[in-house]
Amino acid sequence: MIKLKSQLEIEKMREAGKITAGALEAAREVIKPGITTNQIDTVIRKYIESHGAKPSFLGYAGFPASACISVNDEVIHGIPDSRHLIDGDIVKVDVGAYYKGFHGDSARTFFCGEVSEKAKDIERVCRESFFAGIAKAVPGARLGDVSAAIQEYVESNGYSVVKEYVGHGIGEKLHESPDVPNYGKAGRGVRLSEGMTLAIEPMINAGDAGVYVLANEWTVVTRDHSLSAHYENTILVTANGPEILTKI
């Protein structure tokens with residue numbers, strides 16, 4: 001069942017979203033050659049907790065960290081560890097914050113030092129595909145309109161869409177109905193209504209769309225080890241167009 005949010009619930013989600021966005025900015029500020037992904041995770045956890053919230057991901061289904069940090073060919077669900085970032089890495093940081101009973105969820109692809117033009121381009125296309133998608137997130141539209149717009153933008157720029165993992169509804173639970181694929185056909189799927197809150201998150205690869213999960217049972221990597229990018233925000237469907245809740 002899809003739960004439409006009341007004005008009071010939306011205000012709480014705005015607060016959770018603001019903390020989520022701030023945690024991502026805190027991560028952005030420390031990403032540089034030599035830092036470990038564990039250290040980035042610590043910065044994120046301290047930021048979230050210092051604002052009276054809890055990391056949504058910590059312990060979720062057994063996940064051992066406060067953020068998913070995925071590097072280069074890692075798509076999502078990277079487990080922070082003692083690895084040191086090096087110049088040229090692209091770093092996907094996915095963060096959730098739980099505050100006053102509601103979750104925010106957001107992800108970015110950051111650059112460590114000087115990265116390749118290919119890395120810059122895949123980040124750009126991933127980010128812009130998100131905005132192409134949410135432009136369709138208006139009351140009365142179909143969820144497939146959002147999904148199809150993301151897929152069309154990504155593929156028209158020469159990249160592939162990861163299909164095994166999708167966006168989702170969000171609110172009192174981190175993952176709610178409906179699923180939000182980054183591919184599909186316009187005119188299909190559930191009809192969007194005011195008060196829906198969705199975590200829309202394109203995940204795209206520079207090469208083939210195929211992915212697999214590492215032996216740690218979490219980290220998803222590209223099958224051909226090409227670069228991957230991830231971009232996500234929690235949005236609210238309103239009569240005046242989509243509102244991004246995960247912003248400072």
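Author: **Salt bridges, pair by pair**

Glu 49 and Arg 45 form a salt bridge, with their closest N and O atoms 3.0 Å apart. This is a predicted model. Both residues belong to helix H2 (residues 37-50). They sit 4 residues apart there, so about one helical turn separates them. Glu 49 is partly exposed, at 40% relative accessibility. Arg 45 is partly exposed too, at 36%.

Some salt bridges share partners. Glu 11, Arg 14 and Glu 243 are joined into one network that way.

Lys 100 makes a salt bridge with Glu 15, and the closest N and O atoms lie 3.1 Å from each other. Lys 100 is in the loop between strand S4 (90-99) and strand S5 (102-111). Glu 15 is in helix H1 (residues 7-30). Lys 100 has 46% relative accessibility and counts as partly exposed. Glu 15 is also partly exposed, with 31%.

The last pair has a buried partner. Lys 3 and Glu 9 meet through their side chains in a salt bridge of 2.8 Å, N to O. Glu 9 has 16% relative accessibility. Buried means under 20%, so Glu 9 counts as buried. Lys 3 is partly exposed, its relative accessible area being 29%.

Now the total. Searching the whole structure gives 13 salt bridges. The pairs described here are among them: Glu 49 with Arg 45, Lys 100 with Glu 15, and Lys 3 with Glu 9.

Key: Residues numbered from 1 in each chain as written. Predicted model: local features only at pLDDT ≥ 70, side-chain atom pairs only at ≥ 80, totals over all residues. Heavy atoms only, no water. Salt bridge = Lys/Arg side-chain N within 4 Å of Asp/Glu carboxyl O. Buried < 20%, exposed > 50% of the residue type's maximum accessible area, 1.4 Å probe, protein only. Helix = DSSP H or I, 4+ residues; strand = E, 2+ residues; numbered from the N terminus.
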